[in-house]
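Q: I have just opened this one and would like to go through it step by step. Could you help me find my way around?

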Amino acid sequence: MKTIAPFAAPYAPDDAALVRDMLASYPDDPALTGRIRERAERFVAGIRQKSGGIGLEEFMQEYDLSTKEGLALMVMAEALLRVPDAKTQNALIEEKLGGGNWDDKETDDSWFLMAASWGIGLGAKIVKPGETPGSVLKSAVKRLGVPVIRTGARQAMQFLGHHFVLGQTIKGALSRAEKQERKGFRYSYDMLGEGARTADDAARYLASYHTAIDTIGKQATKRNSDLPDRPGLSVKLSALHPRYEAPKRERVLAELVPQVIELAQKAKRYNLNLTIDAEEADRLELSLEVIAAVVADPSLADWDGFGLAIQAYQKRAPDVIDWIIQLAEHHDRRFMVRLVKGAYWDTEIKRAQERGLDDFPVFSKKAATDLCFRHCAIKLLAARPRIFPQFATHNALTLAAILELAGDNQGFEFQRLHGMGETLYDLEMATEGVPARIYAPVGGHKDLLAYLVRRLLENSANSSFVAQVADEKVTMDELLRPPQEELRDVIAAGKPPRHGGIPLPKDIVAP
């Protein structure tokens, strides 16, 4: 069978041209905009009416990541999980806490600091109403000593692991998922861990993926359901090969493709969903080449469970969608496509700056990413049934926009992360009825930190919907301003649709 042309698109084009094109193609319909706003307001009102809870929205309302003391405590808590003896743990705690300035009011605004104080409260039962995280830590250090602090820090990390990670093992995760499954939620499991450094790392990750598929599949056989209403697994290609990089293309294709085919074949036997996770922009072409080679294998024909994630903050996202639609048509298949905002923005900006590129491969302005998400959503919805769109968002405005743009509730689903967006998705499931899937990390505490920091950096910025939604001081007009409106105003003012505080990589160092 003749193959389609390899994916090709400019790596880091100018933001202005892309934004103008997306604005020109977006529906200019005031009635549509009004309906989106009305839906979104209902969602926000529901979120704000919820009392109590421990969702990330509530955390982000009160706490940020701006203090060195808070970051030091988080590093300490994570490090304690790796240290086997009490003497070294005490030494580590004394070193990390020794320079803390607990009298600084801004210290109390750290989310990490609050997490540690909760742990101390759990371990020593000293947290009382009205006490601040800083005052608790200060008095604890003076009165209770490092053994209690050590216990508190460890328990803080365990709390975070429980809240953001579904289970330390796939069996534990499946058991804990049953409550949400009874409410109608689907699940996609993600085995925690960053890219493989060695061949042994890759072999361990590969074995964990095989075990996960077998475990998920055996439990799923008890259900009388079919795709897309089936659980799934996300696979990170960089975890399966220690040299997953463009210069090693031939080696990667020769060694990695057969491994992914084996995973896909097993997922097909259980009728599960297998999704290839998105990674950094430098790996996009290689990822798509691996995907094309995998789906071309005849053993995977007549299976609609294969999928991939696409990042809306990447300027090439619309081109990737066009290419994957061509691939689906070429093989007469339907693919699942998870559209996400993207979780490596800081890394992409830094890499482009280090290399002195003409521009960034990602949008630098949040409104441009939000507009691109909608632009990509329209493409995916129009491609049904070749594509089964999976829209991953915790933004009520984005969710409302997709519900209106879709025109019906058929042939797509929403997704949220475990530990985030619970209230929004409970409302959506109850009022709109579109299926929703929970993306659930699985792994031990030793693998939690990188994932947790990525999630918090992604959602703790002042402009983040998650950071603002629970704060009633943020008005509906501020919270729900359409991205196309913001960008049109920027362009009308003669300004480029990019972040004004981030110079282009080529402009950082003067000639």
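Q: Where does Pro385 lie?
A: This is a predicted model, and in it Pro385 lies in the loop that runs between helix H15 and strand S6. The peptide bond leading from Arg384 to Pro385 is cis, with an omega near 5 degrees.

Q: And which residues does the cis peptide bond with Pro228 join?
A: That cis bond joins Leu227 and Pro228, with omega at about 5 degrees, and Pro228 is in the loop between H10 and S2.

Q: Okay, what about Asp302, what is its phi?
A: Asp302 has a positive phi of about 65 degrees, although this residue is not a glycine. Asp302 is found in the loop between H12 and S4.

Q: Let's step back to the strands: how many close into the barrel, and in what order?
A: Eight strands close into the barrel, in the order S1-S2-S3-S4-S5-S6-S7-S8, and their pairing is parallel. From one strand to the next, the twist averages 30 degrees.

Q: Over how many bridges do S2 and S3 pair?
A: Strand S2, residues 232–235, pairs with strand S3, residues 273–276, over four bridges in the parallel sense. Within that pairing, Leu233 has Leu274 in S3 as its bridge partner.

Q: Which strands does helix H10 lie across?
A: Helix H10, made of residues 199–220, lies across S1 (186–191), S2 and S3, and runs at about 170 degrees to S2. Elsewhere, helix H15 (residues 366–382) lies across S5 (335–340) and S6 (387–392), running at about 155 degrees to S6.

Q: Back to H10, at what angle do the axes of H9 and H10 cross?
A: The axes of H9 (residues 170–182) and H10 cross at roughly 35 degrees and come within 10 Å, and the crossing is right-handed.

Q: Which residues meet there?
A: From H9, Ile170, Lys171, Leu174 and Glu178 meet Ala212, Thr215, Ile216 and Gln219 of H10. By class, the residues of this contact divide into four nonpolar, two polar and two charged.

Q: Which residues are closest to the centre of the largest cavity?
A: Of the 17 residues that line the largest cavity, those closest to its centre are Ala278, Glu279, Leu284, Ser287 and Ala309. The elements that give two or more residues to this lining are helix H12 (284–295), strand S4 (306–311) and helix H13 (317–331).

Q: And what classes make up the lining of the largest cavity?
A: The lining of the largest cavity has ten nonpolar residues, three polar ones and four that are charged.

Notes: Residues are numbered from 1 along each chain as its sequence is written. This is a predicted model: local features need pLDDT of at least 70, side-chain atom pairs count only at pLDDT 80 or more; totals for chains, interfaces and linings use all residues. Side-chain values use heavy atoms; hydrogens and water are left out. Two strands pair if DSSP finds at least two bridges between them. Axes are lines fitted to C-alpha atoms, for helices over the stretch in contact, and angles run from 0 to 180 degrees between N-to-C directions. Contact means heavy atoms within 4.5 Å. On a 1 Å grid over the protein atoms alone, a cavity is a set of points where a 1.4 Å probe fits but cannot get out, and a pocket is an open set with protein on both sides within 12 Å along at least five of seven lines; lining residues have an atom within 4 Å of a point. Ala, Val, Leu, Ile, Met, Phe, Trp, Tyr, Cys and Pro count as nonpolar, Asp, Glu, Lys and Arg as charged, and the others, Gly among them, as polar. A crossing is left-handed if the near helix is turned anticlockwise from the far one by less than a right angle, and right-handed if clockwise.
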